[in-house]
Amino acid sequence: MIRVMVVDDEALIRSGFQHILDTAEDIEVVAAVQGGQALRTAEEVRPDVVLLDIRMPDVDGLTVLAGLRKLPHPPVVAMLTTFDMDEYVATALRSGAAGFLLKDTDPEGLPFLVRALAEGGTVLSSKVTRTVVDGYLEAGCQENATHCLDRLTERERAVLALVAEGLSNSDIAARMHLSTGTVKDHVSAILTKLEVGGRVQAALLAERAGLLRPPRDRRPQPNQRYQGDQPGQPPPYQREPRDQEKG
């Protein structure tokens, strides 16, 4: 059972997300609270996934994110926003958020997104813009992505390529014939060597360095959970504009 906590200042948003997720047999919303209650509640209920509003009047969502990251058993955190362009999004991703979702996300797709997060995947709204992506890679090691990737072993580069394609740890394990624990160790080593706070940032570095195949060469793989615009399926961390031909 995937344990989820929803953090938002609006009661209607909290109840809406809880109602949608509670209809899934493998997901349980263990708490739905305002920002000021988030850290204390997270310590008590120990959620696997937190859906966190990025803008709240009582406490800033980035402050809550930083606190959640310091917990003994930090949950996976995806930021919630009403905007596809938000000045806080890049900061949240650099701080370790696993992605961000718009609050008007398709209800049918929400459980898929939560499952992807729980399995170590990365999730960005389909409306994420290149401005967010480009603004996200702007400092430190990110100035020379190709040089940064030279720090990785060949196996780690292979794992990173699959992370960048949106695969979860279990999917990567199946693809590479490894144990899930081994994949987790590789991902941890990758994040450390690249000096990044999460899988999204590592994936974007991989793209900037040219590690991924060109879009026309990408094909859905048997174990890949992200299938573009098919109903009820979550998007990968990056999607081509809808009016472009997809490979």
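I began with Lys-103, which is buried at 16% relative accessible area (buried is under 20%, exposed over 50%, partly exposed in between, with a 1.4 Å probe and protein chains only). The model is predicted, so I kept to its limits: local features need pLDDT of at least 70, side-chain atom pairs count only at pLDDT 80 or more, and totals for chains, interfaces and linings use all residues. Residues are numbered from 1 along each chain as its sequence is written, and side-chain values use heavy atoms, without hydrogens and water.

**Salt bridges.** I counted five (a side-chain nitrogen of Lys or Arg within 4 Å of a carboxyl oxygen of Asp or Glu). I looked up Asp-53 with Lys-103: the closest N and O atoms are 3.3 Å apart. Asp-53 lies in strand β3 and Lys-103 in the loop between β5 and α5, so the pair ties together parts 50 residues apart in sequence (strands are DSSP runs of E, at least two residues; helices are H or I, at least four; both are numbered from the N terminus). Asp-53 is buried, at 3%.

I then checked Lys-193 and Glu-156, which meet at 2.9 Å, N to O. Lys-193 sits in helix α10 and Glu-156 in helix α8, 37 residues apart. Lys-193 is partly exposed at 28%, whereas Glu-156 is buried at 6%. I also noted one network, joined by shared partners: Asp-8, Asp-53 and Lys-103.

My last pair was Arg-151 with Glu-195, at 3.2 Å between the closest N and O atoms. Arg-151 is partly exposed at 35%; Glu-195 is exposed at 56%.
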